[in-house]
Structure formats: structure tokens, C-alpha cells
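Take a look at the sequence and the structure below. Then read on with the model in view.

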Amino acid sequence: MQVSFSKRIARVFRGSALPLILLSAGLVTSFSAQADENFSLGAASCGGECHEAELEVWESSPHNASFNKFDDPSDELTEKVEAILEAVGSDDMTESPVCTNCHFTMIKETADEEAFADSGPSCESCHGSGSAFRDIHSDQDVDYDQRMAKAESHGMIRPNMKFEIASNCNGCHAMARPEVDGATIAKMIDAGHPIKTEFELVKYSQGSVRHRFYEPDTSVNAVMTKAELEALYVEGQIAQLLAAHQGLQKSANDKYKTAMQIRLDDAKANLSAVDGSAGFIGSPSLDSAKALVKSIEGKDLSGAVGGKLPDPSDYKQ
Ligand code: HEC
Ligand code: HEC
Ligand code: HEC
């Protein structure tokens, strides 16, 4: 489903010589397309023959809807987009390497093709670039555990890797992606790009985004148990704290710093009752985050999370 984006948002920048970059899951940071870089294959390529149920869920998610919103924008949205584009020196959202980082799934079939905006954020935005692992993870000739371990080492972000997935969510939802530098973020925010503080993993992932078609009944999109929600909540807070900590070092923009500080303080408060969190809170880093994630595995977190779990009626749809 290649949509032309020929309407107002794309009106001036067609035919630009700017090299498209490959984007997805934070794996690619270069501004020049190189033959050996990982790239996305698109939701249809994951869904088609294999993950049909997941594709169906995604199709009715806000990530998918977002593409049409920007493709056929209201006057108000057009104005907003144009102001932000101008601030980063571009005229076309689907061709601005800044915007495509977070708003689109840029796909192609082979390394030497030029990628194009196929949809809003999709499977590979959360699970990693398919070119790097698709054939490995689906190779039925290899034992399941073995091929999944290999796929993981090729960048697949597996469903059990909640902290890594949450770090991806935060990258886009809290403007923390390493690909977008502090100066660019400051320009976008000054031109009106939203910077919200409310993203929380349970609330945002258990509504229309939820796809959990697990054994024993793979026809059911299963709701999480309370213990699973508590673990998800804590891993989400760990990712939030780390992203906000990194964000604070990235830009001196007042609005951005204020938002990051709020997210940092919230996550600190929410994690303070988790056993063993002091080291990470005192000195946040990827290593200390992963150590804390490992240490909470299988633990009863009900005391630490308490009443903080969002009510299902507040889940984002
Ligand atoms: C770091 C990720 C990121 C980048 C880079 C980014 N956006 Fe966004 N953008 C988002 C997210 C996430 C939202 C949704 C805001 C929310 O609800 O939290 C959003 C929302 C918006 C909105 C508001 C939509 C509405 O309905 O009001 C506009 C306009 C927008 N982006 C334009 C742009 C443009 C233009 C660029 C490129 C110059 C860009 N964005 C780059 C993540 C990003
Ligand atoms: C917004 C991020 C996001 C997007 C987009 C996304 N996933 Fe997921 N996916 C997750 C998370 C989080 C889990 C973990 C679910 C759990 O265990 O609670 C998951 C779990 C899964 C699982 C295991 C559960 C199941 O349903 O079998 C599969 C397979 C999967 N995703 C495939 C896909 C495919 C295919 C797409 C695109 C059509 C997709 N995902 C889009 C975040 C995402
Ligand atoms: C590649 C960037 C990216 C990633 C990764 C990502 N999102 Fe999003 N998300 C967006 C953008 C962009 C929008 C839509 C903005 C718009 O349409 O204005 C959005 C919208 C949403 C919405 C609707 C927001 C609302 O206010 O109703 C939810 C819910 C959501 N995302 C949840 C998640 C969750 C949960 C994860 C991780 C499991 C995730 N997203 C990962 C970029 C991303």
C-alpha cells in the first residue's frame, strides 16, 4: 500500500536529492544508505502469510491510522506540519530524515533500492528491522530456540524483551531516539512539535496496541495477568527513567528539559519501592537498567507497584 503523499504535506519537496535514510528500531543511525545496512520490509511482509492476527490488530491501531491522518491532513494539521518542517529545513514529511525516524515505516525489498514511506510505525518499529532477521527467525529447518536466539543476535526484539521494546516506545513517544540530535529536537519543539509527558507502557500498550496470541489458544488476544502487568509496568518505568536521563543530557531546550525532568522524577518515584532499584536510580545506564530488569524477573512486584497500575478503562485505544 504505497500511498503517494502527494497532497499538501508533500507538495514542495518531490525529487529532492537528499539521500533517504533507513529507519527502524534505532538500529540505523547513518545518513547515507549503504548496501549492508538493515532495513524494514513492511507490515504486510510480516503479516501476510504468518502473523495475520497481529497484522489485523495493528491495522486498527493508532499507529496505522496515523499514516492516513498525515496523508490527508486537516488545515490545522497542515499548518502545524509545515511550521515544524520549515524549522528542520525540509518540505516533505515522508522525505525528511528527521520525521521518518518516528512517523513512518520506510521500506524496500533489497538493500540497493530506495526506501519509501509505506505506513505509520509498524511491526519493525518495535521488533527490529526485518531484513536482518526475518529469514533467520522463520527458518523451519532450525530448532525453534536456536533460530530465535540467532534472530535476537541479528537485532530481533522478541516479545519477551519488554524493556527493549519499551525503550523503542520511549524513543519515539518521549523524543529520546539517538538518531535525532538535541539541536534538531529543540528546533522542532520551538516550532510547535508536541512533547508530552504522559506515556506509560501499560496504559499505552494494553489497549488497541495489544497483540498477545500465545499458546495454548493462539486464537485469543489474551489479557495480561496482574503479575504480568506489574512486571510490564516496572520495565516500562525503567525504560522511561533511562530515556529521560539520556534526554536531559541531549538538549538544553527549556520545554524539552522540563518534560524530561518530569518523566525522570516520575519514574524515580515509581521505582523507588522496587527492591534493588537504588543502584540504577542513583546511576542510570544501559547496564544498570538491564541488571535491574534481570533482578526483577519472576519476583512478586505487587507491593512495589501497588495501586499504580492504570485502570483498564484508561488504556489508550
Ligand atoms: C522522536 C520522534 C519524532 C520525530 C523525530 C518527529 N515526531 Fe512528530 N510526533 C511524534 C509523536 C510520538 C507524536 C504524537 C505525540 C503524542 O501524542 O505524544 C508526534 C506528533 C506530531 C504532530 C502532531 C499531530 C497532531 O495530530 O496534532 C505533528 C504535526 C508532527 N508530529 C510533525 C512532525 C514533523 C513534521 C516531523 C519532522 C520534522 C516530526 N513530527 C518528527 C514523534 C516524532
Ligand atoms: C507498538 C509496538 C509494536 C508493534 C507496532 C508491533 N508489536 Fe508485536 N509486540 C509488541 C509487544 C510489546 C509485544 C509483547 C506482547 C506481550 O507479551 O505482552 C509483542 C508481541 C508480539 C508477538 C508475540 C505475541 C503473539 O501475538 O504471538 C508477535 C508474534 C508479534 N508481536 C508480531 C508483530 C507483528 C507481525 C506486528 C505488525 C503487524 C507487530 N508485532 C507490531 C510490540 C509491538
Ligand atoms: C517509530 C516510532 C514509534 C514507536 C517505536 C512507538 N510509537 Fe506509538 N506512536 C508513534 C506515532 C508517530 C504516533 C502517532 C502520532 C499521531 O498520529 O499524531 C503514535 C501513537 C501511539 C498511540 C496513540 C496515542 C494517543 O494519544 O492516542 C499509542 C497508544 C501508542 N503509540 C503506543 C505505543 C506503544 C505502547 C509503543 C511501544 C510498545 C509505541 N507506541 C511505539 C510513534 C511510535
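## The model

This is a predicted model, in which local features need pLDDT of at least 70, side-chain atom pairs count only at pLDDT 80 or more, and totals for chains, interfaces and linings use all residues. Residues are numbered from 1 along each chain as its sequence is written, while chains are lettered from A and ligands numbered from 1 in the order in which they are written.

## Around ligand 2

A residue is near a molecule if its C-beta atom, placed from the backbone, lies within 6 Å of it. Ligand 2 has 22 residues around it, and His51, Cys123, Cys126, Pro159 and Phe213 come nearest. Helix 6 (123–127) is among the helices that supply at least two residues. Helix 6 gives the largest share, four residues. Helices here are DSSP runs of H or I, at least four residues, numbered from the N terminus.

Domain 1 (1–158) and domain 2 (160–317) both give residues to this shell, so ligand 2 lies between them. The domain bounds come from an automatic or database domain assignment.

## Around ligand 3

Ligand 3 has 18 residues around it, and Pro62, Ser66, Cys169, Cys172 and Lys316 come nearest. Helix 9 gives the most to this shell, with five residues. Domain 1 and domain 2 each supply at least three residues.

## Helix 12

Helix 12 spans residues 226–248 and has 23 residues. Of these, 17 are buried, so helix 12 is largely enclosed by the rest of the structure. Buried means that 20 or more other C-beta atoms lie within 10 Å of the residue's own, with C-beta atoms placed from the backbone.

Methods
The expected span of a helix is 1.5 Å times one less than its number of residues. A residue is buried if 20 or more other C-beta atoms lie within 10 Å of its own, exposed if 12 or fewer, and partly exposed in between; C-beta atoms are placed from the backbone.
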